[in-house]
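User: Could you take me through the side-chain packing of this model in a few questions and answers?
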Amino acid sequence: MVKMVKTVLGSAALGVWMTGAALADPAFGLWKTEVDDGAYAHVEMGPCGENICGTIAQTFNSDGEYSSPNKGKQIVRGMSPKGGGAYEGKVWRPSNDKIYVGKMQVSGKQLKLKGCLAVGWPCSSQTWTKLN
């Protein structure tokens, strides 16, 4: 009886773990940004409440990795899932210190960000590549 209970509990735990892994959001993971103002970053995307947020994990310029003051700062903010790999929220652009209202679309190993300042102009976009 004890062996059967352990087997059932073990199977249940494995099932919960597999469900969590299967439900992992396609935006989660490490992404490489495009070069902007001579530098690019690796951004770690993960959950922040019910939304998706991204934090600058590493920064690079033409000389390689460097310690930018932007490391550790949140660049993708409160992206709300809309289904089909689409999200809406905000993105901070370090090169001009502006916050853009916009959309994000994940398709395989590409993440496309499009956003505009609150006034509707100017707008900007980038395509990021998934690293893991």
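This is a predicted model: local features need pLDDT of at least 70, side-chain atom pairs count only at pLDDT 80 or more; totals for chains, interfaces and linings use all residues.

Analyst: Residues are numbered from 1 along each chain as its sequence is written, and side-chain values use heavy atoms, with hydrogens and water left out.

User: Which residues form an aromatic pair that is stacked?

Analyst: Rings of Phe, Tyr and Trp (its six-membered ring) pair if their centres lie within 6.5 Å, and planes under 30 degrees apart count as stacked, over 60 as edge-to-face and the rest as tilted. By this rule the count comes to one aromatic pair. With 4.9 Å centre to centre and 10° between the planes, the stacked partners are Tyr40 and Phe60.

User: Is Phe60 buried or exposed?

Analyst: Buried means under 20% relative accessible area and exposed over 50%, with partly exposed in between (1.4 Å probe, protein chains only). Tyr40, at 22% relative accessibility, counts as partly exposed. Phe60 has 11% relative accessibility and therefore counts as buried.

User: Which residues with the most contacts inside the largest nonpolar core can be named?

Analyst: A nonpolar core is a set of buried Ala, Val, Leu, Ile, Met, Phe, Trp, Tyr and Cys residues joined through side-chain atoms within 4.5 Å. The largest one has 18 residues, and those with the most contacts inside it are Met45, Ile75, Met79, Met104, Leu111 and Trp128.
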